[in-house]
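Me: I've got a structure to go through with you. Can we keep it quick?

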Amino acid sequence: MKKTLPPDFQNRLWTAIKAIEQHSQVEVVVVLRSRSADYHDIHLSWGLLGAWLGLTYSIFAPTLFSDLWVYSLPIGGFMLAYLLAHIPALTRLSAGKRRLNKQVEIMARAVFQKGGIQHTQAKIGILVYCSWLERRAYLLPDQGAAQALPAAVWHTLDAGLQNAMTSPKPLEALLAELAKAQPIFQRYLPPQPNDINELPDLMEIDL
């Protein structure tokens with residue numbers, strides 16, 4: 001469920017992360033995934049609905065169908081609806097905002113734990129998790145970073161990331177939001193002498 005990044009964007013993303021880490025204490029990790037869940041139940045539900053519609057039409061339509069058509073219409077309806085359900089917009093619509101938010105949060109917290117982002121010495125690791133199908137981001141700071149910035153500032157940073165994910169050009173918008181975050185982190189968590197990079201900037205985590 002990983003998203004392949006264009007090489008140019010990946011280089012620009014590394015540059016943006018390094019700028020944040022060079023001018024502040026924070027350790028920023030950015031994880032980008034194509035989706036946070038498979039939503040097989042949604043696809044199956046659409047398929048069953050398509051099969052039911054196909055069967056209903058074959059039985060009650062004024063046209064007289066052959067046995068082969070009566071047998072084939074539910075199967076064709078299932079396959080068509082099942083494939084249509086994989087369209088991202090339809091998947092999001094069927095899942096609903098609450099489920100989408102929950103799936104993104106669950107995956108972000110799992111990445112945070114398995115990636116060891118909580119193991120920085122000063123507890124200043126920050127995960128920026130982006131999930132493309134859901135068009136959502138989840139900003140998860142460790143305890144030290146969370147306490148260093150006011151709640152209102154975290155809310156502003158999070159809102160900016162959410163807006164980036166729903167923008168027409170989310171990759172460019174994500175880079176812009178990271179650039180905006182750099183002076184904020186510099187203000188509240190200025191760099192310290194002999195600061196080292198304790199976490200990889202882009203993680204490859206299998207869950």
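Me: What do the buried residues of α7 pack against?

Reply: They pack against β2, β3, α6 (143-148) and α8 (170-188). Contact means heavy atoms within 4.5 Å. Buried means under 20% relative accessible area, exposed over 50%, and partly exposed in between, with a 1.4 Å probe and protein chains only. Helices (H or I, at least four residues) and strands (E, at least two) are DSSP runs, numbered from the N terminus.

Me: What kind of model is this, and what are the ground rules?

Reply: This is a predicted model: local features need pLDDT of at least 70, side-chain atom pairs count only at pLDDT 80 or more, and totals for chains, interfaces and linings use all residues. Residues are numbered from 1 along each chain as its sequence is written, and side-chain values use heavy atoms, with hydrogens and water left out.

Me: Back to α7. Which of its residues are buried?

Reply: Val153, Trp154, Leu157, Gly160, Leu161, Ala164 and Met165. They cover an arc of only 140° around the axis, which puts them on the same side of α7. That arc is taken from the directions from the helix axis to the C-beta atoms.

Me: And which exposed residues sit on the face turned away?

Reply: Ala151, Ala152, His155, Thr156 and Asn163.

Me: How does α7 run relative to β3?

Reply: α7 (residues 151-165) lies across β2 and β3, at about 155° to β3. Axes are lines fitted to C-alpha atoms, for helices over the stretch in contact, and angles run from 0 to 180 degrees between N-to-C directions.

Me: Now the sheet. What's the strand order?

Reply: β1-β2-β3, in an open sheet of 3 strands with mixed pairing. Two strands pair if DSSP finds at least two bridges between them. β1 (27-33) and β3 (136-141) are at the edges with a single partner strand each, so one side of each has no neighbour in the sheet. The twist averages 15° from one strand to the next.

Me: Which way do β1 and β2 pair?

Reply: Parallel, over 7 bridges, with β2 covering residues 125-131. Val30 stands opposite Val128 in β2, and Arg33 opposite Ser131.

Me: How many bridges join β2 to β3?

Reply: 6, and the two run antiparallel. Cys130 has Ala137 in β3 as its bridge partner. The two strands form a hairpin with 4 residues between them, and Arg135 in the turn has a positive phi of about 55°.

Me: Is β2 buried or exposed?

Reply: 7 of its 7 residues are buried, so β2 is largely enclosed by the rest of the structure. Gly125, Leu127, Tyr129 and Ser131 are on one side, with Ile126, Val128 and Cys130 on the other.

Me: What about the largest nonpolar core? Which residues touch the most other members?

Reply: Leu13, Leu32, Val128, Trp154, Leu157, Leu174 and Phe185, out of 30 residues. A nonpolar core is a set of buried Ala, Val, Leu, Ile, Met, Phe, Trp, Tyr and Cys residues joined through side-chain atoms within 4.5 Å. α1 (7-22), β1, β2, β3, α7 and α8 each supply at least two of the core residues. There is a second, separate core of 13 residues, including Val31 and Tyr138.

Me: Switching to Tyr82. Where is it found?

Reply: In helix α3 (residues 67-84). Tyr82 has 28% relative accessibility, so it counts as partly exposed. Leaving aside neighbours within four places in sequence, Tyr82 contacts His43, Leu44 and Gly47.

Me: How far apart are Tyr82 and Leu44?

Reply: 6.3 Å in space, C-alpha to C-alpha, and 38 residues in sequence.
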